[in-house]
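Q: I want to go through the ligand site and the cavities. Can you put the model up?

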Amino acid sequence: MDIDHTQFSFEVQATDGLARAGILTTPHGDIKTPVFMPVGTQATVKAMKPEDVDALGAQIVLSNTYHLYLRPGVEIVAKAGGLHKFMRWPKPILTDSGGFQVFSLASRREVLDEGVRFRSHIDGSEHLFTPENVIKYQEFLGADIIMAFDECAPYPADKSYVKEAMERTHRWLERCIASKTRPDQALFGIVQGGIWLDLREESALFVSSMDLPGYGIGGLSVGEDKEQMLEALSVVTAILPMDKPRYLMGVGSPEDLLNGIALGVDMFDCVLPTRNARNGALLVPTGRLNIRNAQFKEDFTPIQEDCDCYTCSNFTRAYLHHLFRAEELLAYTLATTHNLRFLVRLMDGAREAILKGEFEDYRQQFLAGFQPPDP
Ligand SMILES: Nc1nc2c(CCNCC3CCCC3)c3[nH]c(NCCc4ccccc4)nc3cc2c(=O)[nH]1
Ligand SMILES: [Zn+2]
């Protein structure tokens, strides 16, 4: 089923090297790219009200077919009128297909050509995900962008297995395309191939040949070296159509976002900014600040002086330090608000720099000041 081209389109407004500034139009609104997409695994960005996720500038949120299929069930979300109504998020939503989550969360998995048999991490019940039923589940959930059912090979894995998983993913993509029935949902194919550049080239060529509205770059950020990720990424982005959005799945840290943009990536998602926030690791221009540290006990300055977020505009480091030490729930909301705003501003700055042809300076200047996490 083809998409309704009046509802989906992608316009590259400017390029600066391989970096792009664009607009992705969807039935629930436009998305300015580059974009970081907050993760809302179980139909909520953890600890956040949707209106506050909107207020900090998030343009699109992610949710997860695997989780929502197991609980509350896709039928209930469909009865609620779909994800947008169920979670009161009126802007675009993207759902991941569940392939990755089956491998990272479920137990007793069995990969067959038909699909993946697994046991629920919640109650041990047995299930089978196939390309056909995963597309059906995503149609019930009603996201604007849905991901093909794929197999993200584990890392490390030998090349023969990665090749087999890539070929299975290609066959599953054809079955996903054949199963689609909603013209108001865009199906993104996913490029696999591990860290092997010949497999990456083969997968990028195959997925590109399906002429889809956008492309996920999978199989990365699974433990490989940064250099291996960037090398595989550059092979893939050189092959994917220039006029379609590229989504690097599961990435990442501020430095990975800027390095991905420099290689032609438009969309990103990662659980880290929100997960780290809940652990008290707050993003600031010089790196990460662990607010639980005793040094902040009497620090009455904001998390970040020049941040305009609700947290930095109203509270001090001493207060956040207290909330985390006291395990007060407000800590998670305030910390998540700041980390998400930090990434929204980082992406907005990248977009402005690309429009002015100054992205390389922007990237270098940010990376010069930002200390990477301890390995
Ligand atoms: N379909 C699919 N999904 C992938 C994902 C999940 C992306 N987030 C989905 C959201 C939907 C809602 C929830 C998440 C990935 N995430 C990562 N790395 C994250 C690694 C990481 C894990 C924990 C902390 C930090 C980094 N690599 C990924 C590869 C694939 C892939 O090939 N195929
Ligand atoms: Zn802030």
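A: A polar contact here is a pair of N or O atoms within 3.5 Å; within protein, one must be able to donate a hydrogen and the other to accept it, and residues adjacent in sequence count only if both atoms are side-chain atoms. This is a predicted model: local features need pLDDT of at least 70, side-chain atom pairs count only at pLDDT 80 or more, and totals for chains, interfaces and linings use all residues. Side-chain values use heavy atoms, without hydrogens and water.

Q: How far is the polar side-chain atom of D150 from a nitrogen atom of ligand 1?
A: The distance is 2.7 Å. For D96, a side-chain N or O atom is 2.8 Å from a ligand 1 nitrogen, and for D269 the value is 2.8 Å.

Q: How many residues surround ligand 1?
A: There are 24, with D96, D150, G219, L220 and D269 the closest. To count, a residue needs a heavy atom within 4 Å of the ligand.

Q: Which element gives the largest share of that shell?
A: β5, with three residues. Strands are DSSP runs (E, at least two residues) and helices are H or I runs of at least four, numbered from the N terminus.

Q: What lines it?
A: The largest cavity has 13 lining residues, and P154, Y155, G194, I195 and G219 lie nearest its centre.

Key
Residues numbered from 1 in each chain as written. Chains lettered and ligands numbered in written order. 1 Å grid on protein atoms, 1.4 Å probe; cavity = no way out; pocket = protein on both sides within 12 Å on 5 of 7 lines; lining within 4 Å.
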